[in-house]
Amino acid sequence: MKESYQTISAPATANLREKGSKFFAFAYPVQDETEIRDQIERLRKEYFDATHHCFAWILNPEGSKYRANDDGEPGHSAGDPILGQIRSRGLTNTLVVVVRYYGGTNLGVSGLIKAYKGAAALALDQCSITEIEVTQKIKITFEYDELPAAMRLLKQESIKIIRQETNQQCILFVDAPLKKQLIKKLQALV
């Protein structure tokens with residue numbers, strides 16, 4: 001499993017004109033499919049009179065979940081070029097939607113590929129890329145006399161404590177980065 005991944009730090013937009021057609025591109029950092037659906041639905045409502053709302057997204061640190069949608073354009077002429085732009089930058093947890101207003105001139109499949117790819121690239125070019133550490137929720141159980149050492153390690157590694165319980169033993173629920181050395185240190189407390 002990857003210890004970190006790259007995504008965009010904030011939403012961005014860009015516009016492109018091609019033979020009368022207008023392409024409005026929107027790039028968003030996203031966490032899950034619900035957020036993706038909400039963003040796409042919001043754009044469909046806002047740009048209700050547009051001809052197409054094509055999109056692509058990638059989720060998970062490994063980029064293992066993804067989707068491309070042509071929204072009525074010829075097969076693989078819109079969603080795949082958008083997806084290709086996300087992949088070419090090594091991004092994940094990223095959604096790009098390109099809204100098209102038909103301008104009266106058919107662009108052909110190669111023209112559509114060029115336009116959707118170009119619009120997605122312009123939006124992503126506006127984005128700052130950020131590296132996110134992958135974290136894992138871990139339960140740590142230890143004796144009371146180990147509490148100072150545990151707290152020192154958590155503070156030193158900037159690990160966030162989600163919850164703690166104190167019964168006969170100390171139990172901490174933490175959100176820790178997936179660094180192998182750090183996991184070994186935490187396991188040594190158990």
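Reader: In what order do the strands of the open sheet lie, and how do they pair?

Author: Strands of a sheet pair through backbone hydrogen bonds, and the pairing is either parallel or antiparallel. Here five strands make an open sheet in the order β2-β3-β6-β4-β5, with antiparallel pairing. The model is a predicted one. β2 and β5 are the edge strands, each pairing on one side only. From one strand to the next, the twist averages 15°.

Reader: How many bridges join β3 and β6?

Author: Eight bridges, in the antiparallel sense. Individual partners can be read off: K22 has Y101 in β6 as its bridge partner, and F23 stands opposite R100 in β6.

Reader: And how many bridges hold β4 and β6 as a pair?

Author: β4 and β6 pair over seven bridges, again antiparallel.

Reader: What do β4 and β5 form, and how many residues lie between them?

Author: They form a hairpin with five residues between the two strands. N60, in the turn, has a positive phi of about 80°. β4 and β5 run antiparallel and are joined by five bridges. W57 has R67 in β5 as its bridge partner.

Reader: Which helices lie against these strands?

Author: Take α1 and α3 in turn. α1 lies across β3, β4, β5 and β6, and runs at about 165° to β4. α3 packs on the sheet and touches β2, β3, β4 and β6. The direction of α3 makes about 150° with that of β2.

Reader: Are the residues of β6 buried or exposed?

Author: A residue is called buried when its relative accessible area is under 20%. By that test, eight of the eight residues of β6 are buried. Both faces of the strand are covered. On one side are T94, V96, V98 and R100, and on the other are L95, V97, V99 and Y101.

Reader: Which residues touch the most other members of the largest nonpolar core?

Author: They are I82, V96, V98, Y116 and L124, in a core of 25 residues. The elements that give two or more residues to this core are β2, β3, β4, α2, β6 and α3. α3 gives the most, with seven residues. Apart from this core lies another, of 16 residues, with F55, L59, L95 and Y101 among them.

Reader: What is V98 in contact with, leaving aside its neighbours within four places in sequence?

Author: V98 is in contact with F23, F24, A25, H52, H53, C54, I82, Y116, A119 and A120.

Reader: Which residues of α2 are buried?

Author: An α-helix has 3.6 residues a turn, so residues three or four places apart point the same way. In α2, the buried residues are G79, P81, I82, L83, Q85 and I86. What covers them includes β4, β5, β6 and α3. Just after α2, G90 takes a positive phi of about 70°.

Reader: Is R42 buried, exposed or partly exposed?

Author: R42 is found in helix α1. Its relative accessibility is 37%, so R42 counts as partly exposed. R42 and T7 are 35 residues apart along the chain, and their C-alpha atoms are separated by 21 Å.

Reader: How many aromatic pairs does the structure hold?

Author: Four. One of them is F24 with Y101, an edge-to-face pair at 5.8 Å centre to centre and 90° between the planes. This pair links distant parts of the chain, with F24 in strand β3 and Y101 in strand β6, 77 residues apart. F26 and Y47 make a tilted pair, at 5.5 Å centre to centre with 50° between the planes.

Reader: Why does the pair of F26 and Y47 tie together parts that are apart in sequence?

Author: F26 lies in strand β3 and Y47 in the loop between α1 and β4, so the pair ties together parts that are 21 residues apart in sequence. F26 is buried, with a relative accessible area of 8%. Y47 also counts as buried, because its relative accessibility is 17%. F24, F26, Y47 and Y101 form one aromatic cluster.

Reader: Which charged residues sit over rings?

Author: Two cases can be given. The charged end of R87 sits over the ring of Y66, 4.3 Å from the ring centre. R163 lies over the face of F173, at 4.0 Å from the ring centre.

Key: Residues numbered from 1 in each chain as written. Predicted model: local features only at pLDDT ≥ 70, side-chain atom pairs only at ≥ 80, totals over all residues. Heavy atoms only, no water. Core = buried A, V, L, I, M, F, W, Y, C linked by side-chain atoms within 4.5 Å. Buried < 20%, exposed > 50% of the residue type's maximum accessible area, 1.4 Å probe, protein only. Helix = DSSP H or I, 4+ residues; strand = E, 2+ residues; numbered from the N terminus. Contact = heavy atoms within 4.5 Å. Phe/Tyr/Trp six-rings, centres within 6.5 Å; stacked < 30°, edge-to-face > 60°. Lys NZ or Arg CZ within 6 Å of the ring centre and 35° of its normal. Pairing = 2+ DSSP bridges. Axes fitted to C-alpha atoms, helices over the stretch in contact; angles between N-to-C directions.
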